[in-house]
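Colleague: Could you walk me through the aromatic rings in this one? I am still new to reading structures, so please go slowly.

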Amino acid sequence: MNTGIKGVRRVSAVTITASSILAAGALTTPAHAAATPKPSIVAKGGYVMNNGTGKTLFTKSADTRRSTGSTTKIMTARVVLGQRNLNLDSKVTVQKAYSDYIVDNNYASSARLIVGDKVTVRQLLYGLMLPSGCDAAYALADKFGKGSTRKARVQNFIGQMNSTARTLGLTNTHFDSFDGIGHGQNYSTPRDLTKLASNAMKYSTFRTVVKTKETRQKVTTKSGGYRYMPWENTNNLLGSYRGAIGVKTGSGPEAKYCLVFAATRNGKTVVGTVLTSSSVANRTSDAKKLMDYGFKVA
């Protein structure tokens, strides 16, 4: 009988030990799952989401309104691409007003459009998104705004930008310019800009343009000849971050340095925004940190 009791005790001891091991494993599992620390970024605002599911992956002051700089041009492109019966190959004659605008705004970023040249809407989108041409933005606003005067057409186009923002549910976004050179009422948030970029990426033309690192576009001159316009993308994530597919840089005295970004790896796409970073290098570093984190937790 004593032998039987000793056997029971040995079995109980083994059972307790196994239970302890299982319990310890259960306790350590959550700690292991949460092992990916959130990155620290210089930018005052940031947001990242899984583009496929819409799941939020990272936030930092994601709903605080800030100046957007040239990331505004994402909406400029989105309004153009949303036009009914859009003909991307229709031509626009470059007006002197577009180049004067660049000079009047302290030589704002430019696609270097030449007065009298005829450029297609598609080419203007490249000039808008790659070198961040404010002259290209002006040309598109003049082309797709409605009104009998250039001023009226531009104001109508900005109205379309705000109407589109409301339609997309961007409740913390407002535009008072077609290019980000604002007049006190041009603002958005990291969350809103990310949602805008995600929506714009549904257009194949937008995706093609924003992932292009450089291009040479053949345009028709005033005399009927042609010239090539070389444009390089200001987004230095392209070619420096594996899987980068866009989207748009921005900067300005109030906006500082901004970047809306997107990348695809292993079938997953993350898209996000950093606003009010302190330098080009820091906004790029911020974006890379957020994408690295996004891919880990998406």
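Modeller: Let me begin with the term itself: rings of Phe, Tyr and Trp (its six-membered ring) pair if their centres lie within 6.5 Å. This is a predicted model, and a search of the whole structure finds 6 aromatic pairs.

Colleague: Which residues make a tilted pair?

Modeller: Tyrosine 101 and phenylalanine 178 do, with 5.3 Å from centre to centre and 45° between the planes. The pair links distant parts of the chain, since tyrosine 101 belongs to helix α3 (residues 96-104) while phenylalanine 178 lies in the loop between α6 (150-167) and β6 (187-188), 77 residues apart.

Colleague: And is tyrosine 101 buried or exposed?

Modeller: Tyrosine 101 counts as buried because its relative accessibility is 16%, which is under the 20% cut-off.

Colleague: What about tyrosine 226 and tyrosine 228, how are their rings arranged?

Modeller: Tyrosine 226 and tyrosine 228 form an edge-to-face pair, 5.9 Å centre to centre with 85° between the planes. Tyrosine 226 counts as exposed at 52% relative accessibility, whereas tyrosine 228 counts as partly exposed at 38%.

Colleague: Which residue has its charged end over the ring of tyrosine 228?

Modeller: That is arginine 216, 4.3 Å from the ring centre of tyrosine 228, and lysine 218 lies over the face of tyrosine 226, at 4.1 Å from the ring centre.

Colleague: Changing topic, how many disulfides are there?

Modeller: The count comes to 0 disulfides. Cysteine 134 is buried at 2% relative accessibility, and cysteine 258 is buried at 0%.

Technical notes. Residues are numbered from 1 along each chain as its sequence is written. This is a predicted model: local features need pLDDT of at least 70, side-chain atom pairs count only at pLDDT 80 or more; totals for chains, interfaces and linings use all residues. Side-chain values use heavy atoms; hydrogens and water are left out. A disulfide is a pair of cysteine sulfur atoms within 2.5 Å. Buried means under 20% relative accessible area, exposed over 50%, partly exposed in between (1.4 Å probe, protein chains only). Rings of Phe, Tyr and Trp (its six-membered ring) pair if their centres lie within 6.5 Å; planes under 30 degrees apart count as stacked, over 60 as edge-to-face and the rest as tilted. Helices (H or I, at least four residues) and strands (E, at least two) are DSSP runs, numbered from the N terminus. A charge sits over a ring if NZ of Lys or CZ of Arg is within 6 Å of the ring centre and within 35 degrees of the ring normal.
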